[in-house]
Amino acid sequence: MNNIDFFNLIASHPETLLDKAYAAANDILIIPTNAHQSNSLTQANAKLIRYISTFHTLTQDLHLTRTDTQVQNLLTEIMRVLKVKNIHFSAFCQYFMVHNLSFSIYKDLAEDDKRDFLFYVLEAYITKRHDVYLSYGYSDIVLQTLCDNYSHKRKGMAGIRKIEQQLVGLGFSHAKKYKELGSKTYLFPDKKDKKLFKDILTKKNISFVFRDAKQGKNPDILFIVGSEIYIVEHKTMKESGGGQDKQVVEVLDFIRQQDSNPQVHYITYMDGIFVNKLIHASHDKSKVQLEQATEILKKNPRNYFVNTFAFEKLLKHLLPKPSKK
């Protein structure tokens, strides 16, 4: 089979609507299994709600100002609570977005800037949200609901773990040092193994021009079969649109590479139901992208474009066949 054959497998073996690999990785419970229990997160959330009410009392009822010691001490305690893992799923932290500042940006602020922002946002939150939420009754359920909603942001790592499971299932092992590299090994160039990947590029004379064009971005997986090196860029896409079109351009650029080392192969691994729409193109833009993918693969026979099923088939195809006794 050649790379066009593997590309065509996507049409006959499309992605499923529900992928168990992603559900297993993203189904994370961050609150206790019943309301009679608590953990560090629910305790911190309860404390945060009490602190917000205290802030209301100090500033609205007692008319204390930003510089008063009691207010400063309270801000210190709130900042301490906001360091608890997953507290960004709280109703208060989600309100930051109303003021065009995400929790991740807040975390990177200098301490004085954090205090200034918290004083400002607490006043707004108390006026616009706190009494409303108190009237309905704050619930820790919102922590879990928002965690579930944010699962799409964890899809990148879930996709990489999915690939790792496919590799491990066929006997591959994770190489952490250059001396551990060998047939049926893999590494994570963009996460744990950046230095090892850099060493491989240098010692194997791999050009990998894609990184220069994408501001130093490393691929998701590299695996080795025999003396052949396969560099994988993974994308999970479910919906069409401008952002997805940009990602399709990126993955097509990835398999357009013609490396100076003839033993190097580039693989675009796309899962998610969007790839089904791409293969069965009905819109003009998708038809053009499909034609581009086919032409790129014809011009670069060492490279591949696969989905979940086609990647598994490719791995089995690349591995040496067991000798018959």
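## The start of helix α1

At the beginning of α1, a side-chain oxygen of N2 comes to within 3.0 Å of the backbone nitrogen of I4. The structure is a predicted model, in which local features need pLDDT of at least 70, side-chain atom pairs count only at pLDDT 80 or more, and totals for chains, interfaces and linings use all residues. Residues are numbered from 1 along each chain as its sequence is written, and side-chain values use heavy atoms, with hydrogens and water left out.

Helix α1 spans residues 3-12, and its buried residues include I4, F6, F7 and L9. Here, buried means under 20% relative accessible area, with a 1.4 Å probe and protein chains only. Helices are DSSP runs of H or I with at least four residues, and strands are runs of E with at least two, numbered from the N terminus.

## Aromatic pairs

The whole structure holds 24 aromatic pairs. Rings of Phe, Tyr and Trp (its six-membered ring) pair if their centres lie within 6.5 Å; planes under 30 degrees apart count as stacked, over 60 as edge-to-face and the rest as tilted. The ring centres of F96 and F117 are 5.0 Å apart and their planes stand at 90°, so this pair is edge-to-face. F96 lies in the loop between α5 and α6, whereas F117 belongs to helix α7, 21 residues away. Both F96 and F117 are buried.

Y186 and F188 also form an edge-to-face pair, with 5.7 Å from centre to centre and 85° between the planes. Y186 and F188 are both buried.

Conventions:
Buried means under 20% relative accessible area, exposed over 50%, partly exposed in between (1.4 Å probe, protein chains only). A polar contact is a pair of N or O atoms within 3.5 Å; within protein, one must be able to donate a hydrogen and the other to accept it, and residues adjacent in sequence count only if both atoms are side-chain atoms.
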